[in-house]
Amino acid sequence: MEGSSGLWSITSKKRLLARVAREIGPDGVRKAEGDPHSWRRPRPCGLTIHPGFGCPNACLYCYVGDVLGTGPIEPTPLRLSGLETAYALLLNPYFVPGKMGTFLAFGALCDPFHPALVEKTLDIMASVASLLGNPIQFSTKMAIGPGVISRLPREAPVCPLITITTLERASDLEPRAHSPWDRLKAMEELRRNGFKPMLFLRPMIPGLIEHEVDDIVHEAKRHGAVGVVVGALRVNKLVLDRLKRVGLHRAVVERLKRYRRSFSSSRRLVPVPSRDLRALAIEVAREAGLVGFRAACCANAFVADVPCTGLCWLRGFCSKCPNDCANKVPDVREDELREALGEAFGLHVQAILLRRSELFIEIEEPPKGLPLQAVRMAIEVATRRSVVLKT
């Protein structure tokens, strides 16, 4: 029976792998082994899931086309099926299955609910929800309707982020995306269906967000939002040139100068300093009766009712939301920790020092090719403690 920590889930990975391998067959196994989902390291928001690559929305602040070197294009669906994606995740040494496992974030290099990707996204979500049970988060600018919403999985927690950057300048900044008013209707439909939709106020563009934040937040609340996740603008020379075309570059340039931020290439992304904008947006959200989140992982933790995998409360980035992560840290037994390290990673433990917020683990020489960084991060997620691992 699964305990309160995620260590039990780590020990179950091999059994799950064998089960899924039988279902997808040798060809599916080979495809999954060659896919980056099987080795990619998680980001602060969780392990990003890419149902496809590319986006045609042509949002002026978006860097996806710059990163992919494609510009705005119709997305190409992921080659893997939902089951094959689940298998790839189980191969990933960083990944911990289960509700107390790795957060999954859909929507980094595409919009997961673009019409060309809807079926792929729902297939992957259904597989990972039923087989793995990890908290799922997605971000979208699509006007997803009742038909799609009714097919979202219920076997695992799902945290919807509805991206709205502007109401007044949407036609300038997001020329091909669905209207923010249509996205607000999607938010309303999600709430009606029992989900806890969040306004994804990202990116916050200096010189624009200060004038719009009240209206955006209050419209989101009126349409059923539970909380607000804030996010900074990241720019390179290409993004800055596009913002210049619509007269929204000056405040960005001033902030970059003030903090001596510069570009080393046309594609290199630089975060625009925005601590004051984050604070402003969270204050407006809380005054409106919504929950304010400094990071997407905090909203995912809140919806799943588990401590944040990023250990925000330990690392000085806590949103101080009602989830109260510090009081949800699971109990961990030394024997189950030893079992997980041995079963999942083939590690022999020499010593363990277990504390409420920290773990110090000394191991014998690890198997060749095993990335100890992956082991450390997996144990951090499973135990929700800061881990020091040494040989």
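## Helices α9 and α12

In this predicted model, helix α9 (residues 209-222) and helix α12 (residues 275-287) have axes that come within 10 Å and cross at roughly 25°. Angles under 35 degrees count as roughly parallel, and α9 and α12 are therefore roughly parallel to each other. Their crossing is right-handed.

On the α9 side the contact is made by Ile209, Glu210, Val213, Asp214 and Val217, and on the α12 side by Leu277, Leu280, Ala281, Val284 and Ala285. Sorted by class, the residues of this contact of α9 with α12 are eight nonpolar, no polar and two charged.

## Helices α4 and α5

Helix α4 (residues 82-91) packs with helix α5 (residues 118-131) at an angle of about 50°, and the two axes are 7 Å apart. An angle under 35 degrees would count as roughly parallel, and 65 to 115 as roughly perpendicular; α4 and α5 are therefore oblique to each other. The crossing in which α4 passes α5 is right-handed.

From α4, the residues Gly82, Leu83, Thr85, Ala86 and Leu89 take part, and they meet Asp123, Ile124, Ser127, Val128 and Leu131 in α5. The contact of α4 with α5 has six nonpolar residues, three polar residues and one charged residue.

## Helices α14 and α15

The axes of α14 and helix α15 (residues 372-383) come within 12 Å, with a crossing angle of roughly 135°. Angles over 145 degrees count as roughly antiparallel, and α14 and α15 are therefore oblique to each other. This crossing, too, is right-handed.

In α14 the contact residues are Leu337, Leu341 and Phe345, which meet Val375, Ala378 and Ile379 in α15. By class, the contact of α14 with α15 has six nonpolar residues, with no polar and no charged ones.

## Second largest pocket

The second largest pocket has a volume of about 170 Å³. Its lining consists of Ile10, Thr11, Lys13, Lys14, Leu17, Leu90, Leu91, Asn92, Pro93, Glu343, Ala344 and Phe345. Seven of the lining residues are nonpolar, two are polar and three are charged.

## Cavity

The count comes to one cavity of 30 Å³ or more. The largest cavity has a volume of about 80 Å³. Its lining residues are Cys298, Ala301, Cys308, Cys312, Trp313, Cys318, Ser319, Lys320, Cys321, Asn323, Asp324 and Cys325. They divide into eight nonpolar, two polar and two charged, with Cys counted as nonpolar.

## Backbone features

Most residues other than glycine have a negative phi, and most peptide bonds are trans. Two places in the backbone are listed here against that background.

The peptide bond from Arg202 to Pro203 is cis, and its omega is near -5°. Pro203 lies in strand β7 (residues 198-204). Leu311 is a residue other than glycine with a positive phi, near 55°. Leu311 is found in the loop between α13 (296-304) and α14. Cys308 and Cys312, among others, line the largest cavity.

Technical notes:
Residues are numbered from 1 along each chain as its sequence is written. This is a predicted model: local features need pLDDT of at least 70, side-chain atom pairs count only at pLDDT 80 or more; totals for chains, interfaces and linings use all residues. Side-chain values use heavy atoms; hydrogens and water are left out. Axes are lines fitted to C-alpha atoms, for helices over the stretch in contact, and angles run from 0 to 180 degrees between N-to-C directions. Helices (H or I, at least four residues) and strands (E, at least two) are DSSP runs, numbered from the N terminus. A crossing is left-handed if the near helix is turned anticlockwise from the far one by less than a right angle, and right-handed if clockwise. Contact means heavy atoms within 4.5 Å. On a 1 Å grid over the protein atoms alone, a cavity is a set of points where a 1.4 Å probe fits but cannot get out, and a pocket is an open set with protein on both sides within 12 Å along at least five of seven lines; lining residues have an atom within 4 Å of a point. Grid points are joined across faces, edges and corners, and a volume is the space filled by probe spheres set on the points.
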